[in-house]
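Here is a friendly briefing to read alongside the sequence and the 3D view.

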Amino acid sequence: MKFEERWLCEMMECIGIQNMNFKAQDGGQVNGSKIFFTYQDDHVEGMACDSVFVSAAKLEKLTFAPDLGQAFNVLYNKYGKVADIIPA
């Protein structure tokens, strides 16, 4: 069994979803969604915002795919890639 280290980024709110499907510069096809979110950050006055890209293949395997306004947590693997998304 392969062990996959994960770490949690807590309590994000989905503020946008951009579906993407295009040919990359290397000729490969990129298909997935960019999820935009806000979160609390001690180094920011107010809310911070960011986004993560999730491939279409990974999106199908997620525990939870957030819609606009929904709160969620992201689990990252040891390489900093999205391992899973779970409801908050």
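**Briefing: strands, a loop and a pocket**

Phe 64 sits in the loop between helix H1 (56-61) and E4; helices (H or I, at least four residues) and strands (E, at least two) are DSSP runs, numbered from the N terminus. This is a predicted model, where local features need pLDDT of at least 70 and side-chain atom pairs count only at pLDDT 80 or more, while totals for chains, interfaces and linings use all residues. Residues are numbered from 1 along each chain as its sequence is written, and side-chain values use heavy atoms, with hydrogens and water left out.

- Phe 64 counts as buried because its relative accessibility is 17%; buried means under 20% relative accessible area, exposed over 50%, and partly exposed in between (1.4 Å probe, protein chains only).
- Not counting residues up to four places away in sequence, Phe 64 touches Gln 70, Ala 71, Phe 72, Ile 85, Ile 86 and Pro 87, where contact means heavy atoms within 4.5 Å.
- Phe 64 and Val 74 are 10 residues apart along the chain, and their C-alpha atoms are separated by 9.8 Å.

**Overall layout**

- The protein has 1 helix and 5 strands, and they follow the pattern β-β-β-α-β-β along the sequence.
- Of the 88 residues in the protein, 30% count as buried.
- Among contacts with a separation of 6 or more, 41% are between residues 24 or more positions apart.
- The protein exposes about 6,300 Å², with 50% of it supplied by carbon and sulfur atoms; accessible areas come from the Shrake-Rupley method with a 1.4 Å probe, and for residues only the protein chains shown count as cover.

**Strand E1 and Gly 16**

- Gly 16 is found in strand E1 (residues 6-23) and counts as buried, because its relative accessibility is 12%.
- Leaving aside neighbours within four places in sequence, Gly 16 is in contact with Lys 34, Ile 35, Phe 36 and Leu 68.
- Gly 16 and Phe 37 are 21 residues apart in sequence, and 6.9 Å apart in space from C-alpha to C-alpha.

- Strand E2 (residues 29-40) pairs with strand E3 (residues 47-55) in the antiparallel sense over 9 bridges; two strands pair if DSSP finds at least two bridges between them.
- Tyr 39 stands opposite Ala 48 in E3, and the bridge partner of Gly 32 in E3 is Ser 55.
- The hairpin of E2 and E3 has 6 residues between the strands, and Gly 46 takes a positive phi near 95° there.

- E4 is mostly covered, with 6 of its 7 residues buried.
- E4 pairs with strand E5 (residues 82-87) in the antiparallel sense over 5 bridges, and Leu 75 stands opposite Asp 84 in E5.
- In the hairpin of E4 and E5, 4 residues lie between the strands, and Gly 80 in the turn has a positive phi of about 80°.

**Cysteines**

- How many disulfides does a search of the whole structure find? The search finds 0 disulfides, a disulfide being a pair of cysteine sulfur atoms within 2.5 Å.
- Cys 14 counts as buried at 2% relative accessibility, whereas Cys 49 is exposed, with a relative accessible area of 55%.

**The largest pocket**

- The largest pocket has a volume of about 160 Å³. On a 1 Å grid over the protein atoms alone, a pocket is an open set of points where a 1.4 Å probe fits, with protein on both sides within 12 Å along at least five of seven lines; lining residues have an atom within 4 Å of a point. Grid points are joined across faces, edges and corners, and a volume is the space filled by probe spheres set on the points.
- Residues lining the largest pocket include Val 52, Phe 53, Tyr 76, Gly 80 and Val 82.
- E3 and strand E4 (71-77) are the elements that give two or more residues to this lining, and E3 provides the largest share, 4 residues.
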